[in-house]
Amino acid sequence: SGTGIAALINGTTDICQSSRSMKDEEKTQLADKNGTLPVETVVAQDGLAIYLHESNGVTELSLAQLRGVYTGAITNWKALGGTDAPITVYGRENNSGTYVYFKDHVLGSADFAAAVQTLPGTSAVVNAVSKDPNGIGYGGAAYATGVRDCAVRKDDASPAVLPTAENVNSGAYPIARPLFYYTAKAPAGAIKEFIDYVLSPDGQKLVTEVGYFPAR
C-alpha cells in the first residue's frame, strides 16, 4: 500500500491498490504535485484474519488480548488458555497497509514489540505460522491456506466471530476493512474501463473466488 501510494504521488503509476485509506499528508502531497485530490474507489471488503497453527488449541482471542500479544505484554500461550509455550509473533513491514491498519485498530497506535518478526508480505506470514506451532500472524482473509483462522471478540461482552462473508458484511467481525483503488484524478479511458470491470458482476465474482468479499 505504501509503495503504491508513493508511486501515485510521484506520478509513476496511474492507479494503485491499498488496504488502508490514504493519509491526509499523502493527499496533500498528491494535490501539491498534481493539482488534484485523489479519487478513492472501494473494490472489495476484507476481514483482517488472525492466523494460528492448525495444532493450536486456542480458538478465540479478544482485541485486548491481541494488543497484549503484539505489544509484548503477553508472551506465553498459557495466558490465553493454550499450552505453556512462548508465543512466536509474526507481522508485516511498516510500509504495508495491513501493518498500518493493525497498528491503528488493534494496537490503538501503540508500538509493536521488538520481538515481532517482520516479514515481507502476507504469504510469508502465513508460511511462517503454518510451520510454527507457537506462531501467530495477521493478514487478509484470502491468504489463510495451511493455517487456521482464530475467532475474534471485540471485547469480553461480545461474541467471538470468524472473518466470514456474513460476519464481514454485517459488521460483526471487529477488524474488517475495505480495499481500495486510488487514482490521481477522476478515472478516464482504459483506467475507468478497468475499474468498471472490477466493480461489475464478473469482477466481483473474481473478488469472491480469490477469497475476499464483494464491495458494499
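Which residues of β4 lie on one side and which on the other, and are they buried or exposed? Hi everyone, let's start there. Thr88, Tyr90 and Arg92 are on one side, Val89 and Gly91 are on the other, and all are buried, where buried means under 20% relative accessible area, exposed over 50% and partly exposed in between, with a 1.4 Å probe and protein chains only.

A quick word on the model. It is a predicted one, where local features need pLDDT of at least 70, side-chain atom pairs count only at pLDDT 80 or more, and totals for chains, interfaces and linings use all residues. Residues are numbered from 1 along each chain as its sequence is written, and side-chain values use heavy atoms, with hydrogens and water left out.

β4 covers residues 88–92, and five of its five residues are buried; strands here are DSSP runs of E with at least two residues, helices are runs of H or I with at least four, and both are numbered from the N terminus. In a regular strand the side chains alternate between the two faces of the sheet.

Now the neighbours of β4. Strands pair if DSSP finds at least two bridges between them. β4 runs parallel to β6, residues 135–140, with two bridges, and Val89 has Ile136 as its bridge partner there. β4 is also parallel to β5, residues 117–119, through three bridges, and Arg92 is partnered with Leu119. Together with helix α4, residues 97–105, β4 and β5 make a right-handed β-α-β unit: with the strands pointing away from the viewer, the path from the first strand over the helix to the second runs clockwise.

On to the rings. The structure holds nine aromatic pairs, counted for Phe, Tyr and Trp (its six-membered ring) when centres lie within 6.5 Å, with planes under 30 degrees apart called stacked, over 60 edge-to-face and the rest tilted. One of them is Tyr70 with Tyr138, edge-to-face at 5.5 Å centre to centre and 70° between the planes. Tyr70 sits in helix α3 (residues 63–71) and Tyr138 in β6, so this pair ties together parts 68 residues apart in sequence. Tyr70 is buried at 0% relative accessibility, and Tyr138 is buried with a relative accessible area of 0%.

Another is Phe102 with Phe112, stacked at 6.0 Å centre to centre, with 20° between the planes. Phe102 belongs to α4 and Phe112 to the loop between α4 and β5, so parts 10 residues apart in sequence are tied together. Both Phe102 and Phe112 are buried. Ring pairs link Tyr70, Tyr99, Phe102, Phe112 and Tyr138 into a cluster. Thanks, everyone!
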